[in-house]
Amino acid sequence: MPKYKFQKKSNDPSDEFIRSKMDFNKILQQQQDLNNYKKATKPLYKNKFFLGFMILLGVICLLLIFDENDPEEAPVKALKDSVVVDSLKK
Amino acid sequence: METKHQTISEIEAEWALVQKAQKDPALFAPLYNKHFKPIFLFIFRRISEEDLAGDLTALVFSKALYNLHKYSYRGLPFSAWLYRIALNEIQAYYRQSKKERVVSFSSEALSILSQDIREEENTQLQEEREQQLLLSLEDLSEEEMVYIELRFFEGRSFKEIADIQQVTENNAKVKTYRIIDRLRKILIRKQNA
């Protein structure tokens with residue numbers, strides 16, 4: 001099958017015809033629609049508020065985990081418990 | 001042909017309009033009004049259907065407006081960017097439709113191309129020579145055909161070709177002459193076959 005169709009240059013469409021094809025408002029509307037569509041279908045992980053919330057949640061979780069497993073607090077708690085037991089015995 | 005060289009001040013004035021449009025898309029209107037007709041005709045000569053050319057032109061401007069924030073000034077006319085988008089859209093259309101790519105030319109343009117690749121000892125009649133030239137053009141790739149169209153069938157300068165093809169002016173010249181050389185070899189091969 002031939003790749004190209006060679007043809008003698010035909011007359012260009014008239015200026016009126018070309019003007020009839022011009023519609024800037026439609027282009028503007030299309031662009032607006034496309035922007036809205038992109039905004040609406042933006043994945044959740046690209047949402048900066050969602051991402052910020054997840055990071056904050058992660059930090060809080062880490063703080064809680066480290067708070068519970070704090071090695072310095074464990075002997076103090078054991079000491080307090082033993083003091084309570086001793087006082088009860090007395 | 002309706003295009004002409006833009007001076008540096010004209011290119012910079014247009015860049016100022018682009019910058020305004022990047023902030024407010026409604027200000028793209030002057031650029032749209034200025035470039036619609038040349039882009040429409042550029043597409044029409046490669047599609048040969050008026051309504052389809054209108055639709056593709058609308059698509060070109062729609063894409064241009066959507067990607068306007070990515071456009072940066074490199075000293076080239078804004079139209080070169082639009083022509084580049086138009087060429088991509090034409091290629092995408094032909095890839096999808098699987099139709100034969102339309103190449104429009106005037107008799108004078110074909111005659112000039114024929115004279116450029118003519119061998120000195122060739123005594124063929126001009127009409128016969130041009131017929132063989134059209135057969136030889138069939139062997140060119142899409143990119144090579146774009147260079148031939150821009151240079152010979154639309155009579156653009158090497159500067160304009162370079163801007164549209166995003167190469168240097170010198171590179172555009174070298175590529176065009178290489179294509180002519182290749183065309184000459186194809187023509188000789190076909191004549192001897």
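Is K23(B) buried or exposed, and what is its relative accessible area?

Author: K23(B) is exposed, because its relative accessible area is 75% (exposed means over 50%, buried under 20% and partly exposed in between, with a 1.4 Å probe and protein chains only). Before going further: this is a predicted model, where local features need pLDDT of at least 70 and side-chain atom pairs count only at pLDDT 80 or more, while totals for chains, interfaces and linings use all residues. Residues are numbered from 1 along each chain as its sequence is written, chains are lettered from A and ligands numbered from 1 in the order written, and side-chain values use heavy atoms, with hydrogens and water left out.

K23(B) sits in helix α1 (residues 8–23) of chain B; helices here are DSSP runs of H or I, at least four residues, numbered from the N terminus. Go 149 residues along the sequence to A172(B), and the C-alpha atoms of K23(B) and A172(B) are 34 Å apart.

Q165(B) counts as buried because its relative accessibility is 11%. Leaving aside residues up to four places away in sequence, Q165(B) touches R84(B), L87(B), E143(B), V146(B), Y147(B) and L150(B) (contact is heavy atoms within 4.5 Å).

Among the buried residues of α3(B) are L52(B), L56(B), V60(B) and F61(B). Their cover includes α2 (24–40) of chain A, along with α2 (29–47) and α4 of chain B.

That brings in the other chain. Here 40 residues of chain B are in contact with 27 residues of chain A. About 3200 Å² is buried between them, 63% of it from carbon and sulfur atoms; buried area is the accessible area (1.4 Å probe) that two parts lose on being put together, summed over both. On the chain B side, Y66(B), E100(B) and E138(B) lose the most, together 21% of what that side buries.

Methods
Helices (H or I, at least four residues) and strands (E, at least two) are DSSP runs, numbered from the N terminus.
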